[in-house]
Amino acid sequence: MEEVLFFLAAIGALGGAFGVIAMRNPFYSVLALIVHLFSLAALFLLLTSAFVAAAQVVVYAGAVMVLYVFVVAYVGGGGESAWEPIPGQRFLAPLLGIALFVELSVAVLSSSLLALGEDGADVKAGFGNPAAIGRLLLEKFLVPFEASSILLLLAAVGAIVLASNRRREESA
Amino acid sequence: MNTEWFVVLSALLFSTGALGILLRRSPMVILLCLELMLNAGNLALVAFSRMVGNGQGQVFAVIVMVIAACEVVVGLGLIVAIFRRRLPLDVDDLRELRG
């Protein structure tokens, strides 16, 4: 049962990822990314991390993707030109991508981590639920938590400054 | 399920994202491919967290999500600013960082 769920979610995640890079229209790329994110949430549930899965669905598939859809609708789709500035980009890029995958796989599978081939440690019933993550976030990782909140605030202010309608070149 | 499967899937997703960044020229799609790579990293973090039976990797994954949200917000702000100035939305035409 677990294997079936894993392979279904893996096919969804991979299909979504290939959809993102294969679609001509950016709007369809965004839709493919939503499929990918839901499949990843299912994988997180298989790894008994309920909070990360819920955050994935609510934050990514909910908030971030809505932002993407709005910006795609504002900027407009429009496929990219077929002109290739780098000769042979269409052949070199898949070659480099496959090389990266082989390299990463060799690095993981030939590592001396013995637990990689096992099912993972036995965990208690409350592993990965919101209470456990919240306790870790607010006790052990309080400083990174606050730092990330400041970073979010900075990003929001920066985005407003970047996208604001003021004509800077007229005053300069 | 073995942890191996999850980690190899994460490597595959990461290289797919890298392939997209090498292949596509629209800044919007490049941002989407960055999301793919960050999510692949998240999957590896959560898989290793499950492997050692320790919740700290999941906290890392949540922080990575925050970083990804920041990156998206700033990137989309840049795309809107580029669009407002009537510049082409193509990273090869935007290679010079002049105003």
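Reader: At what angle do the axes of H5(A) and H3(B) cross?

Author: In this predicted model, the two axes cross at roughly 75 degrees and come within 10 Å. H5(A) is therefore roughly perpendicular to H3(B), since angles of 65 to 115 degrees are classed that way.

Reader: Which residues make that contact?

Author: H5(A) contributes Ile133(A), Leu136(A) and Leu137(A), while H3(B) contributes Gln56(B), Gln58(B), Val59(B) and Val62(B). By class, the contact of H5(A) with H3(B) has five nonpolar and two polar residues, with no charged ones.

Reader: Turning to the whole contact between the chains, how many residues does each chain give?

Author: Chain A gives 70 residues and chain B gives 63 residues.

Reader: And which elements of chain A give two or more residues to the side that touches chain B?

Author: They are H1 (2–22), H2 (26–46), H3 (50–75), H4 (89–109), H5 (130–140) and H6 (142–163), each of them a helix of chain A. The residues on this side of chain A comprise 53 nonpolar, 11 polar and six charged.

Reader: Let us take one residue of H4. Is Gly97(A) buried or exposed?

Author: Gly97(A), which lies in helix H4 of chain A, counts as buried because it has 20 or more C-beta neighbours inside 10 Å, namely 22.

Reader: What does Gly97(A) touch?

Author: Setting aside residues up to four places away in sequence, Gly97(A) touches Ser15(B), Ala18(B), Leu19(B) and Leu22(B).

Reader: Now chain B itself. How do H1(B) and H2(B) pack?

Author: Helix H1 (residues 3–23) and helix H2 (residues 27–52) of chain B pack at an angle of about 165 degrees, and their axes are 8 Å apart. The angle is over 145 degrees, so H1(B) is roughly antiparallel to H2(B). The crossing of H1(B) past H2(B) is left-handed. In the contact of H1(B) with H2(B) there are 18 nonpolar residues, seven polar and one charged.

Reader: Which residues touch the most other members of the largest nonpolar core?

Author: That core has 66 residues, and those touching the most other members are Val20(A), Leu32(B), Leu43(B) and Ala47(B). At least two core residues come from each of H1, H2, H3, H5 and H6 of chain A, and likewise from each of H1, H2 and helix H3 (56–84) of chain B. H2(B) gives the most, with 14 residues.

Reader: What is Ala47(B) in contact with?

Author: Apart from its neighbours within four places in sequence, Ala47(B) is in contact with Leu47(A) from the other chain, and with Thr3(B), Phe6(B), Val7(B) and Ser10(B).

Reader: A change of topic: where is Phe127(A) found, and what does it touch?

Author: Phe127(A) is in the loop between H4 and H5 of chain A. Not counting residues up to four places away in sequence, Phe127(A) touches Thr48(A), Ala132(A) and Gly55(B). Phe127(A) counts as buried, with 20 C-beta neighbours inside 10 Å. Its C-alpha atom is separated by 28 Å from that of Leu33(A), 94 residues apart along the chain.

Reader: And what of the backbone at Thr48(A): what is its phi?

Author: Phi of Thr48(A) is near 50 degrees, a positive value in a residue other than glycine. Thr48(A) has its place in the loop between H2 and H3 of chain A.

Conventions:
Residues are numbered from 1 along each chain as its sequence is written. Chains are lettered from A and ligands numbered from 1 in the order in which they are written. This is a predicted model: local features need pLDDT of at least 70, side-chain atom pairs count only at pLDDT 80 or more; totals for chains, interfaces and linings use all residues. Two residues are in contact if their C-beta atoms, placed from the backbone, lie within 7 Å. Helices (H or I, at least four residues) and strands (E, at least two) are DSSP runs, numbered from the N terminus. Ala, Val, Leu, Ile, Met, Phe, Trp, Tyr, Cys and Pro count as nonpolar, Asp, Glu, Lys and Arg as charged, and the others, Gly among them, as polar. Axes are lines fitted to C-alpha atoms, for helices over the stretch in contact, and angles run from 0 to 180 degrees between N-to-C directions. Angles under 35 degrees count as roughly parallel, over 145 as roughly antiparallel, 65 to 115 as roughly perpendicular and the rest as oblique. A crossing is left-handed if the near helix is turned anticlockwise from the far one by less than a right angle, and right-handed if clockwise. A nonpolar core is a set of buried Ala, Val, Leu, Ile, Met, Phe, Trp, Tyr and Cys residues joined through C-beta atoms within 7 Å. A residue is buried if 20 or more other C-beta atoms lie within 10 Å of its own, exposed if 12 or fewer, and partly exposed in between; C-beta atoms are placed from the backbone.
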